[in-house]
Amino acid sequence: MIVSKEKRQSNITEYILYLWQVEDLIRALDLDIEKINTTLIPSYNADGSTSLEISHWYENLVLMMQKEQKQKTGHLQFLVNLTDDLNRFHLAIIKEQVDHEYIKLYQDIKSDIELVRQKSKRDDTDVEVALNTLYLILMLKMNKKEISEGTQQAVFKFGNFMGHLSKLFKAYESGDLELNY
């Protein structure tokens, strides 16, 4: 919860990826709040009231996952909506040509996005493809799997692309960037 608040304010991409990881952690602990309280909460090294607040945050996520039937796979609806919003924002930036550096980053990665989209045999949006790719690499790294040089280069491109999108989104949310979307 503490981490998610900070990430939501600073970097929308990191926020989404972090919450996807939290969803997977909750699933790994069988959506059991007792397991979460004994396994995850102590790692925050928080005082009693903050630990309780964190526990309630996890409990709410568990309840949402149960209600939305996301116990096995998938993402919570608010994350799906946020990802959709981010993709609409991405499309608006391109359409309105508000940031030439972003347009160049997108042109440089467009073929990589299409390649991943074809390999996955899914019709995900550009932002979904980029987020899924970054999350897959994150999971490979966490599981200490070997990552080829070519994949590392692609991840660097995806990271730069999504990092710049996050920077623009933060500017938009703070009122420093005007955009019609």
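Modeller: Let's start at Lys 121, which has a relative accessibility of 75%. The cut-off for exposed is over 50%, so Lys 121 counts as exposed. Keep in mind as we go that this is a predicted model.

Where does Lys 121 lie? You'll find Lys 121 in the loop between H6 and H7. Its backbone is worth a look too: Lys 121 has a positive phi of about 55°, although it is not a glycine. Most residues other than glycine have a negative phi. Asp 30 is another non-glycine residue with a positive phi, in its case about 60°. The loop that holds Asp 30 runs between H2 and helix H3, residues 33-39. Asp 30 has 51% relative accessibility, and the cut-off for exposed is over 50%, so Asp 30 counts as exposed as well.

H6 covers residues 100-120 and H7 covers 126-142. Sort the lining by class and you get 10 nonpolar, six polar and four charged residues.

Now for how the helices sit against each other. H7 and H8 pack at an angle of about 130°, and their axes are 10 Å apart. That angle makes H7 oblique to H8. If you want the handedness, the crossing of H7 and H8 is left-handed.

H6 has a packing partner to look at too, namely helix H5, residues 77-96. The angle between H5 and H6 is about 110°, with their axes 9 Å apart. Angles of 65 to 115 degrees count as roughly perpendicular, so H5 is roughly perpendicular to H6. H5 also passes H6 in a left-handed crossing.

Next, follow H7 and H8 to the second largest pocket. Each of them supplies at least two residues of its lining, and so does helix H2, residues 12-28. About 190 Å³ of space lies in this second pocket. Which residues lie nearest its centre? Of the 13 residues in the lining, those are Lys 7, Asn 11, Thr 13, Glu 14 and Leu 17. Here H2 gives the most, with five residues. By class, this lining has five nonpolar, six polar and two charged residues.

There's one more space to find. The count comes to one cavity of 30 Å³ or more, and the volume of the largest cavity is about 30 Å³. Among the residues lining that cavity are Arg 8, Asn 11, Phe 169 and Glu 173. H1, residues 2-10, and H8 each supply at least two residues of the cavity lining, and H8 gives the most, with four. The lining divides into two nonpolar, four polar and three charged residues.

To finish, compare two distances along and across the chain. Ser 174, in the segment after H8, is 165 residues from Gln 9 along the chain, yet their C-alpha atoms are separated by 9.7 Å. With a relative accessible area of 48%, Ser 174 is partly exposed. Val 3 counts as partly exposed, at 29% relative accessibility.

Conventions
Residues are numbered from 1 along each chain as its sequence is written. This is a predicted model: local features need pLDDT of at least 70, side-chain atom pairs count only at pLDDT 80 or more; totals for chains, interfaces and linings use all residues. Side-chain values use heavy atoms; hydrogens and water are left out. Ala, Val, Leu, Ile, Met, Phe, Trp, Tyr, Cys and Pro count as nonpolar, Asp, Glu, Lys and Arg as charged, and the others, Gly among them, as polar. On a 1 Å grid over the protein atoms alone, a cavity is a set of points where a 1.4 Å probe fits but cannot get out, and a pocket is an open set with protein on both sides within 12 Å along at least five of seven lines; lining residues have an atom within 4 Å of a point. Grid points are joined across faces, edges and corners, and a volume is the space filled by probe spheres set on the points. Buried means under 20% relative accessible area, exposed over 50%, partly exposed in between (1.4 Å probe, protein chains only). Axes are lines fitted to C-alpha atoms, for helices over the stretch in contact, and angles run from 0 to 180 degrees between N-to-C directions. Angles under 35 degrees count as roughly parallel, over 145 as roughly antiparallel, 65 to 115 as roughly perpendicular and the rest as oblique. A crossing is left-handed if the near helix is turned anticlockwise from the far one by less than a right angle, and right-handed if clockwise.
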